[in-house]
Amino acid sequence: MPDLAPATPAAPTATPTHCPYCALQCGMSLRGGADAVEVVERADFPVNRGALCGKGRTAPALLSSRVRLTEPLVRRHATGRLEPATWEEALETIAAGLQRTRTVHGPDAVGVFGGGGLTNEKAYALGKFARVVLGTSQIDYNGRFCMSSAAAAHQRAFGLDRGLPFPLEDIPRAGCVILVGSNLAETMPPALRYLTELRENGGKLIVVDPRRTRTAEQADLHLAPRPGTDLALALGLLHVVVAEGRTDEAFIQDRTSGWGEARAAVMAHWPELVERLTGVGVPQLREAVRLFCEADSGMVLTARGPEQQSKGTDTVSAWINLCLATGRAGRPLSGYGCLTGQGNGQGGREHGQKADQLPGYRKLDDPAARAHVARVWGVEPETLPGPGRSAYELLDALGGDVRSLLLMGSNPVVSAPHAGHVEERLRSLDFLAVADVVLSETAALADVVLPVTQWAEETGTTTNLEGRVLLRLRAVSPPPGVRSDLEVLGGLASLLGHEKGFPSDPEEVFDELRRASAGGPADYSGITYGRIAAENGVFWPCPETTAEPDGPGSAEPTALGHEGPPLAEPATTGAGQAPAALPGIAAGPDGPAGRAPHPGTPRLFLERFATPDGRARFIAVAHRAAAEETDEAYPVLLTTGRVVSQYQSGAQTRRVDELNAAAPGPFVELHPMLAERLGALEGEPLAVVSRRGRAVGPARITAGIRPDTVFMPFHWPGEGRVNSVTNPALDPTSRMPEFKVCAVRVERVEQQP
């Protein structure tokens, strides 16, 4: 079973907040202070109902001054070392470094790199700072490495990107769920209960993964395709649907477009061909189709497995096509969804820290969007720079076109593909400034490091994988010498000539974000701190008021889905069950002129899709090979992922003793047949070598992985850094790197006597 347990029952004095880790944003409460903070149960929050994984339970360990940064550091030229400095010196050094680059090389020589763990307020302020203060187009964030392929496919098919178009509570009531490339039992343990309840309710679970993970063990049917062939698998399943006459012709006729072209592309992927490409047998393909189509309702949920590929957008589009062709979209208890990974991966891609976006999920190259946001910011639209480089392309440009970098909340030395090359590019910069909670491997390379507040020490909002906007409340005071990211941006803006426009109060920033998002796809204008606290989160889109009947905007986002409470009988896990308000947070206002406030949109697309004609769009796609296939020199495929007791680059979790005891280091998972060919023994060090680099870890031999594939988790630096090996080949649409498949050879490592 996954590492999952209820927290201590809550005391009246506990402060309600949310976990700092994954996109579930599990509810928890905190009590105590300084180095004695305790996590207590918050059973009223519907996503996790009080349960937490080991990472959530131990999150307060990072609040200790023993493991985190507590004072600014500046690299001294005399020693070459990072040494303590005052805040004034640190901020002045950063401002001078950024301004020097702008003066000598131009504004686009300055880069900004954000993170999917930043709150909505910080992500918004960072994007505004880059475009208004620095005037640079060169901003992106590490969320590009997480959900960008699913986001692009969402936009192509539905006209709107929100991770899940329905609340998690709908999953157990579906008839069949296909889970593609996700190991929820380890990446989001509290969410596994939804799959358990699905099966208890008589629903069927199909898991697609090259490994027999803890999650796959729960499935009614496990499909184990060759890494890099998820696209072929989805096309093969849809071919069987068509051949067996299982399409929903009425739904296709009434609510979609583009089926003719998509159908023609699908028919080139007959089952026997797909079996040869994927290794999934034709009987399994037919059984998967039977389970999915004979259920009353169905969902397809994808995660990083199919998305982190150089064809990730097309792969997700193929799975969406399967939903559309069978009428499993835009209906209750059905649809396609993406299991967003990072804590604010959803909100982080909505409000301006992505290379091509403005707040409210507006497009940076849209004149109307530029005009609207420019008015909110008090600048002229023509002063806003255009779209910039994507995340990996920005990192690859460091030391060349991009000479200085401001980085917040990311650790690309460990998390980026082709990480050895990225580390070299970071070292080649003229100037690097990092704001972080801990001295990460990336921060250790910086010229200036700023210690900033973290989850429990600040108030701010995040948006979880459901599109539910949540409020984290400050529960403890940060150590002396630590400031918030908002204070950092305000201080730098002032030094660079912008004394106004960058407040440090998060609620003031959020109110500006609301105005900037108003009328955009991700409309937060009707969401306030008071409403979030009173309703246990508010689902976007949420304009300030409901549309007037038959008036302007009546077919706008409010008509995309079901507003307000659950569709069936009231569920015990729905929104709106928190206390009426929390201490210090006022209830939200009514709508203007007596009009009712918008209730938010838990379920999207039930009436129409967000495309101009209201129809979902089929996208014609065809299978193509991975960017790098196996050959004689590199005969094995590598895939990567996470383990339950670590998170992302490990910068935080590797500093928690309990988590390190459970997952002390990397490993190489391989099949007994491959181990026998290599002469490898359990626990013996193995090297995984690609054209780009090498990673080493002890052998973990299991029959639960394909014989042609090895797996390594990506949480560690040093010789176990698997991203030294991974391929930076990019998806042409999403610019997602191909983390999930590359060609390698596996070698035994000679052990020193």
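**Figure 1. Helix α13 (residues 312-325) lies across strands β10, β11, β14 and β15, running at about 175° to β14.** The model is predicted: local features need pLDDT of at least 70 and side-chain atom pairs count only at pLDDT 80 or more, whereas totals for chains, interfaces and linings use all residues. Residues are numbered from 1 along each chain as its sequence is written, and side-chain values use heavy atoms, with hydrogens and water left out. Helices (H or I, at least four residues) and strands (E, at least two) are DSSP runs numbered from the N terminus. Angles run from 0 to 180 degrees between N-to-C directions, with axes fitted to C-alpha atoms, for helices over the stretch in contact. Contact means heavy atoms within 4.5 Å.

**Figure 2. Five strands make an open sheet with parallel pairing, in the order β12-β11-β10-β14-β15.** Each edge strand, β12 (221-223) or β15 (335-338), has a single partner, so one side of it is left without a neighbour in the sheet. On average, neighbouring strands here are turned by 15° against each other, direction ignored. Two strands pair if DSSP finds at least two bridges between them. Strand β14 (residues 298-302) and β15 pair in the parallel sense over 4 bridges, and M299 stands opposite G335 in β15. Helix α11 (residues 282-294) packs on this sheet and touches β10 (176-180), β11 (204-208), β12 and β14. The direction of helix α11 makes about 130° with that of β12.

**Figure 3. H222 sits in strand β12.** At 16% relative accessibility, H222 counts as buried; buried means under 20% relative accessible area, exposed over 50%, and partly exposed in between (1.4 Å probe, protein chains only). The side chains of H222 and R212 are joined by a polar contact of 3.4 Å. A polar contact is a pair of N or O atoms within 3.5 Å; within protein, one must be able to donate a hydrogen and the other to accept it, and residues adjacent in sequence count only if both atoms are side-chain atoms. Not counting residues up to four places away in sequence, H222 touches V207, D209, R211, R212, A216 and Q284.

**Figure 4. An open sheet of 7 strands has mixed pairing and the order β7-β6-β20-β19-β18-β8-β9.** Strands β7 (82-84) and β9 (139-141) are at the edges, and each pairs on one side only. From one strand to the next, the twist averages 15°. Strands β19 (residues 431-436) and β20 (residues 448-451) run parallel and are joined by 4 bridges. Within this pair, V434 stands opposite V449 in β20. Helix α2 (residues 87-105) packs on the sheet, where it touches β6 (73-75), β8 (110-114), β18 (404-408), β19 and β20; the direction of helix α2 makes about 130° with that of β20. Helix α3 (residues 120-134) also packs on the sheet, touching β8, β9 and β18, and its direction makes about 170° with that of β8.

**Figure 5. R76 and E89 form a salt bridge, with the closest N and O atoms 2.5 Å apart.** R76 lies in the loop between β6 and β7 and E89 in helix α2, so this pair ties together parts that are 13 residues apart in sequence. A salt bridge is a side-chain nitrogen of Lys or Arg within 4 Å of a carboxyl oxygen of Asp or Glu. R76, at 24% relative accessibility, counts as partly exposed, and so does E89, at 27%.

**Figure 6. The side chains of R603 and D170 meet in a salt bridge (2.9 Å, N to O).** R603 lies in the loop between β23 (538-539) and β24 (616-617), and D170 in the loop between α4 (148-158) and β10, so the pair ties together parts that are 433 residues apart in sequence. Both R603 and D170 are buried.

**Figure 7. The largest nonpolar core has 119 residues, and F129 and W319 have the most contacts inside it.** Helix α7 (residues 230-243) gives the most to this core, with 9 residues. A nonpolar core is a set of buried Ala, Val, Leu, Ile, Met, Phe, Trp, Tyr and Cys residues joined through side-chain atoms within 4.5 Å. Leaving aside neighbours within four places in sequence, W319 is in contact with I178, V180, V208, D230, L233, A234, L237, V300 and T302. A second, separate core of 47 residues includes F45, A191, Y194 and L195.
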